[in-house]
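The sequence and the model come next, followed by notes grouped by topic.

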Amino acid sequence: MESSESRDGGAVVKRESDIEYKSVGAADGMRKGVLLSDADGAPHFAIRRFTLNPGASVPKHTNEVEHEQYVLDGEYTVGVGDEEYEVSAGDSLLIPAGVVHWYRNEGEEAGAFLCAVPNGDDSIELVEE
């Protein structure tokens with residue numbers, strides 16, 4: 001692992017400058033950076049950081065795995081099932097596996113959140129409206 005420092009006990013420190021952010025396919029205005037994953041030696045969970053630009057939208061979709069999220073910055077709307085939630089910095093969410101969810105940032109500032117998911121395969125299915 002060139003970008004990580006290993007220590008005794010398998011600990012890893014991955015520097016902010018080593019995180020590569022990429023646009024998320026079907027999501028308009030969303031970017032993702034993988035902070036830690038099985039590629040870094042994390043045995044059970046991946047932690048990712050997402051950003052939502054002002055005006056960003058993510059279509060309704062499902063994932064095979066649960067999502068635990070923590071809002072870092074901004075205010076935006078998250079749809080989970082039939083409910084809509086206005087979230088802001090400090091809020092936490094659990095999105096169960098298989099539940100339809102989506103995002104919309106109608107604010108003037110970017111939103112950002114951490115998302116923890118189990119390692120392994122995940123299938124994302126877009127939901128037709």
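**Strands, aromatic rings and a pocket**

Glu68 stands opposite Leu94 in β9. The model is a predicted one, in which local features need pLDDT of at least 70, side-chain atom pairs count only at pLDDT 80 or more, and totals for chains, interfaces and linings use all residues. Residues are numbered from 1 along each chain as its sequence is written, and side-chain values use heavy atoms, with hydrogens and water left out.

**Strands β6 and β9**

- Strand β6 (residues 67-73) and β9 run antiparallel and are joined by 4 bridges; strands pair if DSSP finds at least two bridges between them.
- Strands here are DSSP runs (E, at least two residues), numbered from the N terminus.
- In strand β9 (residues 92-95), Leu93 and Ile95 make up the covered face, while Ser92 and Leu94 lie on the uncovered one.

**Aromatic rings**

- Rings of Phe, Tyr and Trp (its six-membered ring) pair if their centres lie within 6.5 Å; planes under 30 degrees apart count as stacked, over 60 as edge-to-face and the rest as tilted.
- The count by this rule is 3 aromatic pairs.
- Phe50 and Phe113 are stacked, because their ring centres are 5.1 Å apart and their planes are at 15°.
- This pair links distant parts of the chain, with Phe50 in strand β5 (residues 45-63) and Phe113 in strand β11 (residues 111-118), 63 residues apart.
- Phe50 counts as buried at 8% relative accessibility, and Phe113 counts as buried at 1%; buried means under 20% relative accessible area, exposed over 50%, and partly exposed in between (1.4 Å probe, protein chains only).
- Tyr103 and Phe113 are also stacked, since their ring centres are 5.4 Å apart with planes at 15°.
- Here Tyr103 lies in strand β10 (residues 101-104) and Phe113 in strand β11, 10 residues apart.
- Tyr103 is buried, with a relative accessible area of 3%.
- One aromatic cluster is formed by Phe50, Tyr76, Tyr103 and Phe113.

**The largest pocket**

- A pocket is an open set of points on a 1 Å grid over the protein atoms alone where a 1.4 Å probe fits, with protein on both sides within 12 Å along at least five of seven lines; lining residues have an atom within 4 Å of a point.
- The largest pocket has a volume of about 560 Å³, taken as the space filled by probe spheres set on the points.
- Of its 29 lining residues, Lys32, Arg48, Asn63, Asp122 and Ile124 are the closest to its centre.
- Strand β5 gives the largest share of the lining, 7 residues.
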